[in-house]
Amino acid sequence: ENTDPQRIAFLLRKQWTLYSVTPLYRFSNAHLKNYSRLLSAFIAAERQKGWAVEVGVELDIKVAVSSLPDLKGSDQDHAAILVELFSRSPASQKTSEEKLIWSGWFCCVCGDDFFENVPEDFTCLPLFLTNGAESYTAIVGSWFQKTFDCCFHRLAISPLNLSWMAAMWTGCKVDKTASAMELIFSVPGLLQPLDISYAIHPEDAKALWDTVQKTPGEITQEEVDIFMDCLYSHFHRHFKIRLSAAKLVKVSTAIASAHCDGIIKFLQSQYLIGVLKLLTELAISQIQ
């Protein structure tokens, strides 16, 4: 992991919403400052139409587009691109006090196979993550779509992929005292929503996974199924509830937490690249 913890610390412990993005046409790292200026003008124009205006507050929006070269899984990956929106009210003009109100970043970690079928004029950054108001996400997304002829789609995470995350992240070593692994299930067919929370001590979850995994560093679907079935059997033995009949909607571990609606929170910098690799694969699979 060739990442600088200080440079990527701001990505941790925030709730990011996931999108998949088709390749960007004629995007260039050499023009990031110009993109900042153009996007700022676009936001100002859209705000005059009534978009993303905070009630009773007049704000000056500043845009910063920059590169995050540390977020790469291989030499072939394009450097991640960070987009930040800062607000400055008229009262703070003299002090130049700026407040980060929205951030989003494009990345592609270990997407080598995807590059082979993409023409030279296109830049592959299939994963887009945002933190902030959806109104700003809509404006920024609209500008990128118009400028680089790309499309954005919300990236959902299936129960199958969540079970893979539970297994993979359980097997990771964490320096600090690990928090419990928590699985949240939604029970279908009820008039009132009902969720079931299932927490497993991290050492117990790791011990179970170690008995299931045959080859360290490699994971198979069969191993993931056995791991989850063991957890289901244990729960049924104690509570007489079959979790296999419910829908897995969220996984929380010491490494990260992920929700089926496409919400992710990174908790450990040393595993950030590994988690982004998995999310990149999901984003590419949706594009293809």
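# Briefing: aromatic cluster, pocket, cysteines and domains

Ring pairs link Y19, F27, Y35, W102, F106, F128, W143, F144, F148 and F152 into a cluster. Rings of Phe, Tyr and Trp (its six-membered ring) pair if their centres lie within 6.5 Å. This is a predicted model, in which local features need pLDDT of at least 70 and side-chain atom pairs count only at pLDDT 80 or more, while totals for chains, interfaces and linings use all residues. Residues are numbered from 1 along each chain as its sequence is written, and side-chain values use heavy atoms, with hydrogens and water left out.

**Aromatic pairs**

- A pair of aromatic rings is described by the distance of the centres and the angle of the planes.
- Planes under 30 degrees apart count as stacked, over 60 as edge-to-face and the rest as tilted.
- By the pairing rule, the count comes to 20 aromatic pairs.
- One of them joins W143 and F144 in an edge-to-face pair, with 5.0 Å centre to centre and 90 degrees between the planes.
- W143 and F148 also form an edge-to-face pair, at 5.7 Å centre to centre and 85 degrees between the planes.
- Both W143 and F144 are buried, and F148 is buried too. Buried means under 20% relative accessible area, exposed over 50%, and partly exposed in between (1.4 Å probe, protein chains only).

**Cysteines and disulfides**

- A disulfide is a covalent bond between the sulfur atoms of two cysteines.
- The structure holds zero disulfides, a disulfide being a pair of cysteine sulfur atoms within 2.5 Å.
- C110 is in no disulfide, and the nearest cysteine sulfur, that of C108, is 8.4 Å away.
- C110 is partly exposed, with a relative accessible area of 30%.
- C150 is in no disulfide either, and the nearest cysteine sulfur, that of C151, is 6.8 Å away.
- C150 is buried, at a relative accessible area of 3%.

**Positive phi angles**

- Most residues other than glycine have a negative phi.
- C110 has a positive phi, near 60 degrees, and lies in the loop between β5 (99–107) and α3 (112–115). Helices (H or I, at least four residues) and strands (E, at least two) are DSSP runs, numbered from the N terminus.
- D149 has a positive phi near 50 degrees, and is found in the loop between α4 (134–148) and β8 (152–154).
- D149 counts as exposed, at 59% relative accessibility.

**The largest pocket**

- About 330 Å³ of space lies in the largest pocket. On a 1 Å grid over the protein atoms alone, a pocket is an open set of points where a 1.4 Å probe fits, with protein on both sides within 12 Å along at least five of seven lines.
- Of the 18 residues that line this pocket, the closest to its centre are M168, W169, C172, I219 and Y271. Lining residues have an atom within 4 Å of a point.
- The elements that give two or more residues to the lining are α5 (159–170) and α8 (272–287).
- Helix α5 supplies the largest share of the lining, four residues.
- The lining divides into eleven nonpolar, four polar and three charged residues. Ala, Val, Leu, Ile, Met, Phe, Trp, Tyr, Cys and Pro count as nonpolar, Asp, Glu, Lys and Arg as charged, and the others, Gly among them, as polar.

**Domains**

- The domain assignment gives domain 1 (5–154) and domain 2 (159–260), with bounds from an automatic or database assignment.
- The C-alpha centres of domain 1 and domain 2 lie 33 Å apart.

Key: Grid points are joined across faces, edges and corners, and a volume is the space filled by probe spheres set on the points.
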